[in-house]
Amino acid sequence: LYCTSQSTHILQVIDALISDGTASEELMLAALVHDLGKVSLLKNDPARTATYTCGLLAVGEPGAGLAQCMLQWSCDDLAWSRLKTWLPPAVAWLVRYHSIPLSTCAPFMDAQDREYAERYLAPFRMCDIYSKSPFARPRRRLEDYRPIIEKYLPPHIVF
């Protein structure tokens, strides 16, 4: 994260989404929760089989969908598995697949995956990757986004 905290990274992503004009509530929600799996691993979560990478291990039929492929169990899957019950489907998909190697996985996407990749993953990934900086100080506070979290997530989630 280029010497920044996870909360700073979240706010940098949101600032970038706002600057790009792509800051829908769904993308801001994704920004707020997309790396919770990484945070959980840093806190010695018992799911030690999760990794920080998201590689393609086995493929399904081309066009059959990412759900038909086997990807390496990653921190993205960890967050998705804990949050999917409460997140809108597109946001849950984005949390799960925001780190996939897109060029390798694209042939296996179905129509829904392609729609989510174009509508959500493309703008999100640009902001997630290119907003990381020790010099870009967020203009907003994390508390400013509490209403989004409270709208979608329960008060307590077992991670």
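## Phe159 and the chain end

Phe159 is partly exposed, with a relative accessible area of 27%; buried means under 20% relative accessible area, exposed over 50%, and partly exposed in between (1.4 Å probe, protein chains only). The residue lies in the segment after α8. Its C-alpha atom is 6.5 Å from that of Arg82, although Phe159 and Arg82 are 77 residues apart in sequence.

## Basis of the model

This is a predicted model, in which local features need pLDDT of at least 70 and side-chain atom pairs count only at pLDDT 80 or more, while totals for chains, interfaces and linings use all residues. Residues are numbered from 1 along each chain as its sequence is written, and side-chain values use heavy atoms, with hydrogens and water left out.

## Overall chain

The protein chain has 8 helices and 2 strands. Helices (H or I, at least four residues) and strands (E, at least two) are DSSP runs, numbered from the N terminus. Read from the N terminus, the order of elements is α-α-α-β-β-α-α-α-α-α.

The radius of gyration of the protein chain is 15 Å, which agrees with the value near 15 Å for a compact globule of 159 residues. That radius is taken over C-alpha atoms, and the globule rule is 2.2 Å times the number of residues to the power 0.38. Along the principal axes, the C-alpha atoms fill a box of roughly 45 × 35 × 30 Å. Of the 159 residues, 45% count as buried. The chain exposes about 8500 Å², and carbon and sulfur atoms supply 57% of that area; accessible areas come from the Shrake-Rupley method with a 1.4 Å probe, and for residues only the protein chains shown count as cover. Contact means heavy atoms within 4.5 Å. Among contacts between residues at least 6 apart in sequence, 71% join residues at least 24 apart.

## Helices α2 and α5

Two packed helices are described by the angle between their axes and the distance between the axes. For α2 (residues 25-33) and α5 (residues 89-97), the axes come within 10 Å and cross at roughly 40°. Axes are lines fitted to C-alpha atoms, for helices over the stretch in contact, and angles run from 0 to 180 degrees between N-to-C directions. The crossing of α2 past α5 is right-handed. A crossing is right-handed if the near helix is turned clockwise from the far one by less than a right angle, and left-handed if anticlockwise.

On the α2 side, Glu26, Leu27, Leu29, Ala30 and Val33 take part in the contact; on the α5 side, Val91, Leu94 and Val95 do. By class, this contact has 7 nonpolar, no polar and 1 charged residues. Here Ala, Val, Leu, Ile, Met, Phe, Trp, Tyr, Cys and Pro count as nonpolar, Asp, Glu, Lys and Arg as charged, and the others, Gly among them, as polar.

## Burial of the two helices

Helix α2 is largely enclosed by the rest of the structure, because 7 of its 9 residues are buried. These are Leu27, Met28, Leu29, Ala30, Ala31, Leu32 and Val33. They pack against α1 (6-20), α3 (36-42), α4 (75-83), α5, α7 (111-130) and α8 (146-152).

Helix α5 is mostly covered, with 7 of its 9 residues buried. The buried residues of α5 are Ala90, Val91, Ala92, Trp93, Leu94, Val95 and Tyr97. Their packing partners are α2, β2 (70-71), α4 and α7.

## Residues around the helices

Leu87 sits in the loop between α4 and α5. Leu87 is buried, with a relative accessible area of 6%. Apart from neighbours within four places in sequence, Leu87 is in contact with Leu29, Val33, Ala92, Val95 and Leu153.

Ala79, in helix α4, counts as buried at 0% relative accessibility. Neighbours within four places in sequence aside, Ala79 is in contact with Val33, Leu36, Gly37, Val95 and Phe159. Ala79 and Cys54 are 25 residues apart in sequence and 13 Å apart, C-alpha to C-alpha.

## An exposed loop residue

Arg137 is in the loop between α7 and α8 and is exposed, with a relative accessible area of 53%. Not counting residues up to four places away in sequence, Arg137 touches Thr8 and Asp15. From Arg137 to Leu32, 105 residues apart in sequence, the C-alpha distance is 16 Å.
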